[in-house]
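I opened the notebook to look up a few things in a structure. My entries follow the display.

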Amino acid sequence: MSESTPGVRESLADVTQLGGTPNSPGDPAGAAGYGRPDSAESGVDGPVRAVAQTGVDPVGANVLFADRITIRFGGLTAVDNVSFSIPPRSVVSLIGPNGAGKTTFFNVLTGLYEATEGSVYLDGKDITSVKPHKRASMGLARTFQNIRLFGLMTAEENVMVAMHSHLRAGVISTIVRTPGQRREEREARDTARELLDYVGIGKTVGELARNLSYGDQRRLEIARAMALKPKVLLLDEPTAGMNPQESANFNDFVYRVRDERGISVLLIEHDMSVIMKISERITVLDRGAMIAEGTPDDIRNNQQVIEAYLGKTGTREGKRLPKPGADQEGQAVTTDGLATKGTQA
Amino acid sequence: MAATTHALHPDQGRRNLGRLAWPIGYVVVILFLFFLYQTILPSLVKPVSAPVLAWLPVATINECLMWAIMALGLNVVVGYAGLLDLGYVAFWALGGYTAGWLMAYPFNWTWDFHLFSPVRANAPGTHINFWLVCIVAGILCAILGLIIGAPTLRLRGDYLALVTLGFGEVITQFFRNSGNIAGHNVAGGDPGISSIDPIGTGPLGALGIAPKLLTNSAAGNIWKILVLGLLVGICIFISLRIREGRLGRAWLAIREDELAASMMGVPLVRVKLLAYAVGAFFGGIGGVANASGITTAVSPSGFDFGKSVLVLLMVVLGGMGNVWGVTIGAFLLSWLNSNGLKQIGVQIDAFTGGNLEATLPRYNYVILGLLLVLMMLFRREGLIPEGRTKALMQMPSRTEAESLGADSVEAEAETDALEHSDAAADARIAGSAAAMAGSGAGTSHGSSGARRKEES
């Protein structure tokens, strides 16, 4: 990725010059330590932000902090030295064209892949070598890009599976059905129903997951993830297959999750219109490297990002971009932003 | 069979009568079988009772009950957790040998030990109560399950099946060579251990209600229906209970999607190990029941690979994951195996004058294999499928159907999801069972010969 170094530096300059919303040290969201803590000395390419030098410990200040992650598959570097952080009670996004390394990076966060270099911190604890199921019980919950529910289990059971690590009953107490086990089961059942209500599919309690509609399956996945009592909720393309109305509702829902439950949300999305509306911060990956990071406005006006989506990498993602003249305001703005920057370039 | 008609609709029954329905129904069936042989049949005229005794002798019922314990145990591993185990006979063998060690006078042990045993107090050897030995064997097998499982359960699918197959053979070979292991006679070698204590009846025997010892005599065999029936009942109870709890849900989840389950905080290895241990526990009890109640002797030749396949067939044929289906599968197959084929042969001989009575049982594995192939063609989900599996086999899921109209990316995701789905895993398990049944046919001569020896 070293070939892109000059471009990245330029783009940074671009962003700061053209305004966007540069981080001031007083900005709490900004102070939460985006960027690498000591990227200057490590000599890595990619964005170096002023905030990195403010001295705030990114490990302690963030719910989730990924420190200089590199993943190589054989000779192929899928993710190259990417740092990423999720502040408490925030909605952040990871975007990028196909093959940018989003999902690979995501899988390092959840523990499916082991990072070749770098470390991951959850709530101040180093979880780099912690197994996926342990990470999940520590409060790192995820959904899947292609829905992976337990199709032959009911909605309620699906949610209760995710409570496994919070329940205590052993083999013997399950067989004997001790009072403690009964109470635990009853409480788990109540929590499951409550969660199903929370995501708006309370009616489907006893339905097999495979019989639910596509949208309801997505909701059930979120309910299941929330049963882990997560600190961070990682959503992998949650609005895929949703219609505009559904994704509008989804935005509200994500904010509810953040505000009512105090859960930080990380989204991975192709769909720019969703991301632009919902995110407080956006990180853009392209070909394994971080090319930009900032508020939606920053990203919208970022030359690198526009090139990644429209220019250099061709129009692979073109169909995902909102069409001009879309009736929704947000989409129109996005298009405008991209268009103006495009002409300036 | 009375048991069949009762258990066919367990779900409806449970809904109507509440949770007590199956225990009551089960007790009624077992008591009916007991009184049928104890009082009803002897009081009937010979033309009525003779066909019943010919088609369903008491010894066969006991064998069926013993196999039901085994099938229920394997069902935990294969049906609940979706782990293909081709070496389940290992636990049966260890259970049997535990009975041999603790309930017999194996190879001139120099010390005697009696514990609540019904045999004469001055008999040499170790003699421990049947029920205690059941528990000990169960625990020993669970530990063996953990030892086998710890390194192997990290493997997936086919690899796990192969390793369990290997372990099954290793255990048999161990007992075959156990006559001289580092100079010690551990388990009697090729001849094995014989004259294992029969089951004692404790207070019932003392009061003269039941025979003191449940030997392979007519009276003893009838009482064994109650003892083995109780064991099967306990296994069914444990299976049903454990299925509804935290562990059962985790098993179902890993059966459906291992990756998603681990992402939801289910510790895969631990949960799989527990499935293995619980299955092995049942296997150990089955082994004791077999050694003490059916054969009264254990030898390595009885624990061949064919037995592993037979139990697997019972599970697949009955309906993986469904306790009642598996129980019925066990009854049906062990009945065919021990008496049914012979009787069918006798009936055909009556018309044709051939000698199918002797030949049909010899081709048992061919016939069972054919049966399985037919099942896979026409009723893949098993005789009494689990409610969920039935849904899977009969109707595409909504997203599957809807994905037909979706764009290629989503369609691809669906095919991917399908590959991970239960149906594929079930079909694979059933497929390998069918293949094994075919290969088992080659060994059928030896094993059916051994069985005839056991029966006599």
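Is the crossing of α7(B) and α13(B) left-handed or right-handed? I looked it up in the model, which is predicted, and the crossing of these two helices is right-handed. By class, 17 nonpolar, eight polar and one charged residues make up the contact of α7(B) with α13(B).

Next I took the geometry of this pair. Two packed helices are described by the angle between their axes and the distance between the axes. Helix α7 of chain B covers residues 130-152, and its axis comes within 7 Å of that of α13(B), with a crossing angle of roughly 140°. Angles over 145 degrees would count as roughly antiparallel, so α7(B) and α13(B) are oblique to each other.

I then went to the loop between α13 (268-295) and α14 (305-318) of chain B, where I found Thr296(B). I noted Thr296(B) as buried, because 20 other C-beta atoms lie within 10 Å and 20 or more is the cut-off. Apart from neighbours within four places in sequence, Thr296(B) is in contact with Ser195(B), Ile196(B), Pro198(B) and Asn216(B). I also checked Met103(B): 193 residues separate it from Thr296(B) in sequence, but the C-alpha to C-alpha distance is 9.9 Å.

Last, I looked at the largest nonpolar core, which has 208 residues. Helix α5 of chain B (residues 58-80) gives the largest share of this core, 16 residues. Ile69(B), Ala71(B), Ala275(B) and Met314(B) have the most contacts inside the core. I followed up Ile69(B): leaving aside neighbours within four places in sequence, its contacts include Leu231(B), Val232(B), Cys235(B) and Phe282(B).

Technical notes:
Residues numbered from 1 in each chain as written. Chains lettered and ligands numbered in written order. Predicted model: local features only at pLDDT ≥ 70, side-chain atom pairs only at ≥ 80, totals over all residues. Helix = DSSP H or I, 4+ residues; strand = E, 2+ residues; numbered from the N terminus. Buried ≥ 20, exposed ≤ 12 C-beta atoms within 10 Å, placed from the backbone. Contact = placed C-beta atoms within 7 Å. Core = buried A, V, L, I, M, F, W, Y, C linked by C-beta atoms within 7 Å. Axes fitted to C-alpha atoms, helices over the stretch in contact; angles between N-to-C directions. Parallel < 35°, antiparallel > 145°, perpendicular 65-115°, else oblique. Left-handed = near helix turned anticlockwise from the far one by under 90°. Nonpolar A, V, L, I, M, F, W, Y, C, P; charged D, E, K, R; others polar.
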